[in-house]
Amino acid sequence: MRTVRFGIIGAGLMGREFASAAARWCHLPEMQVRPEIVALCKRNPAAAGWYREHFPAIRQVTDDYRALLANPEVEAVYVAVPHNLHAEIYCAAIEAGKHLMGEKPFGIDLAANQAILACARRHPEVFVRCCSQMPFFPAVQRIGRLIDSGAIGTVIEVETGFLHSSDLDANKAINWKRMIEVNGEYGVMGDLGMHACHLPFRAGWRPRNVRALLSDIVKERPDGRGGRVPCRTWDNATLLCEMEDPATGQRFPWTFKSQRIAPGEKNTWYVRILGTRTSVSFSTRDPKRLDMLEYTGGEQIWGQVQMGMETAYPSVTGGIFEFGFSDAVQQMWAAYLYELHHGSVPSRFAGCVTPDEVALSHRLFTAALASQRSGQTVRLEDAS
Ligand SMILES: NC(=O)c1ccc[n+]([C@@H]2O[C@H](COP(=O)([O-])OP(=O)(O)OC[C@H]3O[C@@H](n4cnc5c(N)ncnc54)[C@H](O)[C@@H]3O)[C@@H](O)[C@H]2O)c1
């Protein structure tokens, strides 16, 4: 078993998810490679108690990411920091020769993303991927296999999205995800958008143009100190794109939604693909359920498949049991390490987001901002 020693930079919400996934690596009996967390960079190192208590292999805790990157024991890093720090820290990690799993959006804007990608191209020996865990739900892996086998037929249309309602409360205090200077001009697209792009981009489908409708619904929020401050980030994004499958030349509509103010939706990731032979629909609102309609010329009947633990990377959990968010995170890390170790993934949809896919998301979001400004449909090639 190969061990890859990791440092975590930005030990917030997602850093703990990674650490917990690493701690139960015995769950994945067929993996020939495992992560070990040996270093931590936290703004406030004194508050590293949870990590110190549960991860005795952590020998370095620092508030300086440069010190972590200078640690020769660290082979790879997971960086989960606010968006305005992505370019600086991702480039420093790549230049230091550390394999990188970076959080989306992989740069606060197109220029930052291009700087990171240029850096990655100068260091092909460094393995670089972007975090996105939802396609590892078993139903989505099944959809991927249907796409791969051609069972969908001709794609008629596609909808994907990621919906939250956490910002419906206008009295929720502002934090960095609602500040343009830290989260970025993309607003909710930078924050949630990659999740909605991962599956269609992995399928090879390419947006040619976009008409965007972006909404700033809550314009002011408490500042947490008794006052109120402007909240200028886009809360909701609805994009209508003309998509092309370069393999067939076929074009079809893709409706993309990333929304922070979607009443009733806690953390809903969904995909719906209508095809001439098979149509499918999945939402994390009902994570075991995959809806399918197989058309053979007779009745058109939507059926329900109950998905169990049918994972891309085999797990010790029995096949009939339920899969959840933490499992998706662990599967994504299995994908990262599998590809780092073996040089490829066992199947197309069992891989993490690549730098090229991230670059395409930035071109889409940049074109979407231009569309919102002009009220027109914008071609992606005109927005780069
Ligand atoms: N994959 C997902 O589902 C998912 C979910 C949430 C957030 N994210 C992404 O993860 C990243 C971080 O978001 P989060 O929700 O974990 O935020 P967070 O605010 O919970 O954590 C960010 C962490 O970065 C630390 N930090 C800030 N500046 C730092 C610096 N100079 N050096 C080291 N650490 C620093 C903060 O102290 C904090 O602990 C963002 O890119 C976000 O888009 C991904």
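**View 1. Classes of residues in the shell around the ligand.** By class, this shell holds eleven nonpolar, four polar and four charged residues, where Ala, Val, Leu, Ile, Met, Phe, Trp, Tyr, Cys and Pro count as nonpolar, Asp, Glu, Lys and Arg as charged, and the others, Gly among them, as polar. Of the 19 residues around the ligand, the nearest are Gly10, Gly12, Leu13, Arg43 and Glu103, a residue being near a molecule if its C-beta atom, placed from the backbone, lies within 6 Å of it. The model is predicted, so that local features need pLDDT of at least 70 and side-chain atom pairs count only at pLDDT 80 or more, whereas totals for chains, interfaces and linings use all residues. Residues are numbered from 1 along each chain as its sequence is written.

**View 2. The loop between β5 and α5.** Pro105 lies in this loop, between β5 (99-102) and α5 (110-122), with helices (H or I, at least four residues) and strands (E, at least two) taken as DSSP runs numbered from the N terminus. The peptide bond joining Lys104 and Pro105 is cis, with omega about 5°. Phe106, also placed in the loop between β5 and α5, has a positive phi near 70° although the residue is not glycine. Phe106 is buried because 30 other C-beta atoms lie within 10 Å, the cut-off for buried being 20 or more such atoms, with C-beta atoms placed from the backbone.

**View 3. Packing of α4 and α5.** Helix α4 (residues 86-95) and α5 pack at an angle of about 0°, with their axes 9 Å apart, and α4 is therefore roughly parallel to α5, a term for angles under 35 degrees.

Key:
A residue is buried if 20 or more other C-beta atoms lie within 10 Å of its own, exposed if 12 or fewer, and partly exposed in between; C-beta atoms are placed from the backbone. Axes are lines fitted to C-alpha atoms, for helices over the stretch in contact, and angles run from 0 to 180 degrees between N-to-C directions. Angles under 35 degrees count as roughly parallel, over 145 as roughly antiparallel, 65 to 115 as roughly perpendicular and the rest as oblique.
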